[in-house]
Amino acid sequence: MELKNIISKFIGTDNCTVTQINNGLINTTYCVENNQNREKYILQKINTQVFKKPEQVINNHLKINKILKEGQYHFKMTQPIASSSEEFLIRDGNGDSWRMTSFIDNSITFLTVPSAETASKAARAVGYFLSIINTQSLPIIEDPLPDFLNFEKRLTDYKISLESGSSSLKENAKAEIEMMNQLLWLPDQWIKMQNNGQLPKRIVHADAKISNILFDQNHDPMAIIDLDTIMTSTILYDFGTMIQSYTNTTNEDDGTAQNNFNSEIFESVKEGFLFHLKDLLTPDEFENLDYSAQVAIYIQGLRFLTDYLNGSTYYSTTYPEHNLDRTKNQLELLRGLRSYLKVD
């Protein structure tokens, strides 16, 4: 099925201008502009190798939007668009799943945080979003990515990749493997707390990186986007992901980065995150914020390295060493954070 046929099924016309957006790691994304009324939409081919049940992604999005609306959420929301047959997913002849959402105009995104002030505003926005969706009675959220936050499995997958990866890839990544192995113990406390029930179950975004916030021209947050990873887990992961994303002064693809951790932004993110959540967090959650940041960065680096050793089959890459460069970048970021926290 041609792209414009898919578009026509959603909005009733193929008289559109279509532009691919290339900054995503998982789904294939396009901006669609209806040439008749100039209305814009986001069209995505959902990567079903990652999201094996795309219906769950749509259902979670609809549930979260309902909670936000009932909570009088004051930011904009992306809305799933139903097709002419009143379906939120269209499957093409190859079996690929497509969905369309509304487009939030006059917005900008960042791959790196431009200032500590922007970081604080963004973290407040994420904290506000989490405070609204975590009501006293949590709705049933279907897990779109089973074992996504199962760090025991992440460690096991990494160890398997060490055994099965080609000798050439392991030789290329020798230094990074050594550094990862020196910190294999780092997620142990997280795993223990989760297994012991010390960390309350929350609805989390699970991908609260800076590029998933839309800003206006004054760098004020407008919307939290990309709800594909919404799941029930510990809120510490969202904080850790923000630190992993926000404090990095370089693009995560930069394998030559040095001193890429920004401590001022770290403190700004923590202050912003707690603004709406300080009365919600338990003592265990509050006391492990700094630790969770280390674990989130470590696990992201571990995932990049695992994928590299497996032949780069998960993340989108544009050159053979792409995932290795990402690994190097995360390890440098982690070194900077742990030095700042004086835990080295």
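# Exercises on a predicted model

The lining of the largest cavity draws its largest share, three residues, from helix H2 (residues 54-70). Keep in mind that you're working with a predicted model throughout.

## Exercise 1: the cavity

Work out how many cavities of 30 Å³ or more the structure holds, then find which residues line the largest cavity.

**Solution.** 
1. Start with the count: there is one cavity of 30 Å³ or more.
2. Next comes volume, and the largest cavity has about 40 Å³.
3. Finally, check H2, which spans residues 54-70 and gives three residues to the lining.

## Exercise 2: a hairpin

Find which residue is the bridge partner of isoleucine 224, and say in which sense strands S8 and S9 pair.

**Solution.** 
1. Locate the strands: S8 covers residues 213-215 and S9 covers residues 221-224.
2. Look at the pairing, which is antiparallel and runs over three bridges.
3. Pick out isoleucine 224 in S9; its bridge partner is isoleucine 213.
4. Move to the turn: S8 and S9 make a hairpin with five residues between them. In that turn, histidine 219 has a positive phi of about 65 degrees.

## Exercise 3: two helices

Determine at what angle H4 and H11 pack and what handedness their crossing has.

**Solution.** 
1. Take H4 as residues 151-164 and H11 as residues 289-309.
2. Their axes are 9 Å apart, at an angle of about 35 degrees.
3. H4 passes H11 in a left-handed crossing.
4. For the contact, H4 brings residues including Phe151, Arg154, Asp157 and Tyr158, while those from H11 include Val295, Tyr298, Arg303 and Leu309.
5. By class, this contact has ten nonpolar, two polar and three charged residues.

## Exercise 4: the second largest pocket

Find how much space lies in the second largest pocket, and which element gives the largest share of its lining.

**Solution.** 
1. The second largest pocket holds about 710 Å³ of space.
2. It has 28 lining residues, and the closest to its centre are Gln49, Lys153, Arg154, Asp157 and Tyr314.
3. H4 and H11 are the elements that give two or more residues to this lining.
4. H4 has the largest share, with seven residues.
5. Split by class, the lining has ten nonpolar, nine polar and nine charged residues.

Conventions. Residues are numbered from 1 along each chain as its sequence is written. This is a predicted model: local features need pLDDT of at least 70, side-chain atom pairs count only at pLDDT 80 or more; totals for chains, interfaces and linings use all residues. Side-chain values use heavy atoms; hydrogens and water are left out. Axes are lines fitted to C-alpha atoms, for helices over the stretch in contact, and angles run from 0 to 180 degrees between N-to-C directions. Helices (H or I, at least four residues) and strands (E, at least two) are DSSP runs, numbered from the N terminus. A crossing is left-handed if the near helix is turned anticlockwise from the far one by less than a right angle, and right-handed if clockwise. Contact means heavy atoms within 4.5 Å. Ala, Val, Leu, Ile, Met, Phe, Trp, Tyr, Cys and Pro count as nonpolar, Asp, Glu, Lys and Arg as charged, and the others, Gly among them, as polar. On a 1 Å grid over the protein atoms alone, a cavity is a set of points where a 1.4 Å probe fits but cannot get out, and a pocket is an open set with protein on both sides within 12 Å along at least five of seven lines; lining residues have an atom within 4 Å of a point. Grid points are joined across faces, edges and corners, and a volume is the space filled by probe spheres set on the points. Two strands pair if DSSP finds at least two bridges between them.
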